[in-house]
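Student: Please take a close look at a single part of this model, the interface. I would be grateful for one connected account.

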2 protein chains.
Amino acid sequence: MLTPDVAVVGAGPVGLAIAWRCAQRGLRVVVHDPAPGSGASHVAAGMLAPVAEAYFGEPELTGLLTESAARWPGFAAELTAAAGRGFGHRTEGTLVVGLTGDDLAEARRLWAYQQGLGLPITPLRPSELRDREPALAPRVRGGAVAPGDHQVDPRRLVTALRTAAERAGATLLPGRVDRLTDVAARVTVVAAGCGAAALTGLPVRPVKGQVLRLRAPGRGAPGFRHVIRGYADGESVYLVPRDGGEVVVGATVEERADTEVTAGAVLRLLRAAVDLVPELAEYDLVEATAGLRPGTPDNAPILGALPGRPGVLAAAGHHRHGIVLTPVTADLITELIVTAEPDPLLAPFRPDRFPGLPVGGVRVVAGAGGAEMEEETCD
Amino acid sequence: MLTPDVAVVGAGPVGLAIAWRCAQRGLRVVVHDPAPGSGASHVAAGMLAPVAEAYFGEPELTGLLTESAARWPGFAAELTAAAGRGFGHRTEGTLVVGLTGDDLAEARRLWAYQQGLGLPITPLRPSELRDREPALAPRVRGGAVAPGDHQVDPRRLVTALRTAAERAGATLLPGRVDRLTDVAARVTVVAAGCGAAALTGLPVRPVKGQVLRLRAPGRGAPGFRHVIRGYADGESVYLVPRDGGEVVVGATVEERADTEVTAGAVLRLLRAAVDLVPELAEYDLVEATAGLRPGTPDNAPILGALPGRPGVLAAAGHHRHGIVLTPVTADLITELIVTAEPDPLLAPFRPDRFPGLPVGGVRVVAGAGGAEMEEETCD
């Protein structure tokens with residue numbers, strides 16, 4: 001086999017989408033992953049929520065989320081056609097709701113900020129809220145609608161992306177990559193989520209998230225159709241209804257690297273979910289999972305060429321935003337590979353933006369047989 | 001192979017203990033079960049709690065629970081020696097606690113009844129309660145101790161009983177028994193839990209129970225040693241700590257025959273558990289299970305000869321009490337088989353005690369080839 005043009009390390013949504021886009025451009029592409037789709041995407045809820053996720057002090061990230069969400073409809077249509085299968089892309093929109101007066105005040109403070117950025121979110125009267133979703137608890141105090149905040153099913157997305165990438169000519173390889181020096185390709189893209197730290201020295205850290213999957217009795221459709229992002233007695237929770245009866249309830253955000261499911265987290269998620277939508281108490285609890293998001297110091301992804309490592313690009317550190325950012329990441333990284341010119345959109349997300357933090361992660365060590373390369377890891 | 005003296009249908013604790021006792025008496029014994037230990041015992045917590053389980057209006061059942069609990073120490077010692085392995089028999093006793101004033105009033109009403117029967121349960125001052133178990137939440141209002149209410153691990157008990165029965169000469173057969181007429185033995189013992197209804201027509205119905213298993217972080221011992229039977233904001237819950245770090249949290253009592261785990265039940269169990277013992281929030285949630293108890297119209301087991309069916313005995317319908325009742329059931333049924341004389345202890349639990357309910361379950365149907373037997377089921 002000829003040396004590939006592009007080797008992608010990591011077959012999550014970001015890595016597979018890059019592989020698909022590069023293969024579409026006629027590049028020879030391989031993707032290395034012993035367990036495709038087993039990282040953060042396996043646990044992710046799949047909200048495409050640039051508005052409801054827009055947070056104080058993260059304007060560049062909000063811009064990228066908005067840009068990527070705008071690309072999602074076209075990306076979804078093209079991927080559905082290419083893969084010959086859907087992945088639960090639903091466009092009913094998101095309701096932001098507050099259970100108590102305090103919860104509503106917290107939600108309102110955030111959506112006022114979002115409105116100030118010109119993002120599409122509209123407060124609703126309680127009666128309007130209940131007209132849209134009668135399943136909401138009567139005591140929910142109020143909320144708003146973000147009609148452009150949609151959803152996909154991340155597990156089905158991985159399957160579709162894998163099919164599309166392979167149909168476009170990319171090759172998945174099951175070997176595990178422990179050192180980038182073992183990868184032979186013109187360009188190597190590190191899309192390894194939390195694994196990017198050990199491979200590159202980038203400041204990517206695991207951020208634990210615990211998520212539940214419920215199922216409506218008899219596998220009927222859930223009794224609500226919007227994604228619901230709720231604040232309930234100080235807990236922030238989201239409820240994502242799927243066609244097949246599934247409701248994803250997430251998620252904790254914990255600065256821990258284990259993947260144990262804890263009683264306290266399950267209790268908090270269930271309590272908030274049932275307080276917001278009482279009928280969920282009658283649903284089956286079919287899965288409780290913990291996963292690790294690839295967090296970064298500023299919560300934004302790390303996209304672009306690694307300084308001091310010719311031919312190595314990062315597409316990592318997507319934290320809580322990997323699914324919504326998949327289209328824009330794939331487009332921008334592919335364009336960078338093809339043209340060698342970084343799009344201006346990439347500027348805020350360059351790998352060298354963390355002064356004083358280890359970047360590159362390779363140092364030269366004099367050894368008996370001459371210079372050898374050694375990886376540094378970021379714990 | 002010679003026709004067995006005794007065929008036991010059902011390899012749960014009751015069936016296996018009967019097989020063991022019969023084999024010890026020199027009888028040829030077979031046990032039929034395609035999945036030993038997969039019924040109610042798989043989900044059971046294993047409390048040996050004749051005192052804390054003594055309930056208004058069930059004096060005969062309370063007497064049998066007390067009798068069987070008194071046999072447990074000897075039974076446990078003999079079984080441990082026979083099987084060459086333990087099964088988590090622990091004798092720290094049980095604390096009954098009430099979270100709120102209302103909860104304490106409910107608990108107190110019951111323990112006053114238990115004291116009135118002369119059962120060993122002693123109220124404790126809150127400071128005494130906390131001296132015994134500092135892990136209890138500070139807001140627990142009060143409680144009592146039942147020092148004779150012990151515990152075993154039912155899954156390990158099944159393993160030990162199986163070993164002991166086989167060592168004593170009993171043979172386990174994996175075939176499923178759908179009709180008692182397919183069983184060839186001098187005496188057939190139906191110890192099939194919920195399956196007894198279809199086999200015999202006895203009024204045994206499934207009563208769903210949902211149970212959680214938590215694990216202390218790092219698999220250390222749980223931070224409390226007593227079994228805790230708690231009343232918490234109107235929920236009744238028990239917490240059973242095991243040596244290996246496991247804590248069983250149970251259990252719902254639902255008149256349903258499905259085995260789905262529901263969000264509302266898990267929420268109620270976790271909320272009560274964490275309210276009573278806050279450190280449980282930090283424990284891993286390792287299992288959520290639902291099982292079916294074999295319930296009867298008066299909550300008491302059905303023990304003895306089936307009228308109209310020579311050679312068929314029932315040892316079924318143990319409901320929530322199968323583990324504690326295992327020794328006395330095995331002793332009395334074995335004695336009945338060997339001597340053909342029912343012990344007076346069996347009198348309140350005879351299969352024919354439900355007037356107007358179908359008993360026996362066999363009717364003769366005239367067919368082309370003569371009379372044939374047909375099973376009736378109890379739905």
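**The interface of chain B and chain A**

Tutor: Between chain B and chain A, six residue pairs are in polar contact, both residues being at pLDDT 80 or more. A polar contact is a pair of N or O atoms within 3.5 Å, where within protein one must be able to donate a hydrogen and the other to accept it, and residues adjacent in sequence count only if both atoms are side-chain atoms. The model is predicted, so local features need pLDDT of at least 70 and side-chain atom pairs pLDDT 80 or more, while totals for chains, interfaces and linings use all residues. Residues are numbered from 1 along each chain, chains are lettered from A and ligands numbered from 1 as written, and side-chain values use heavy atoms, without hydrogens or water.

The rule also finds two salt bridges across this interface, a salt bridge being a side-chain nitrogen of Lys or Arg within 4 Å of a carboxyl oxygen of Asp or Glu. B:Glu260 pairs in this way with A:Arg215, with the closest N and O atoms 3.7 Å apart.

On the side of chain B, β10 (205-215), α8 (263-276) and β14 (284-295) each supply at least two residues; helices (H or I, at least four residues) and strands (E, at least two) are DSSP runs, numbered from the N terminus. The most comes from α8(B), with seven residues.

In total, 18 residues of chain B and 18 of chain A take part in the contact, which means heavy atoms within 4.5 Å.
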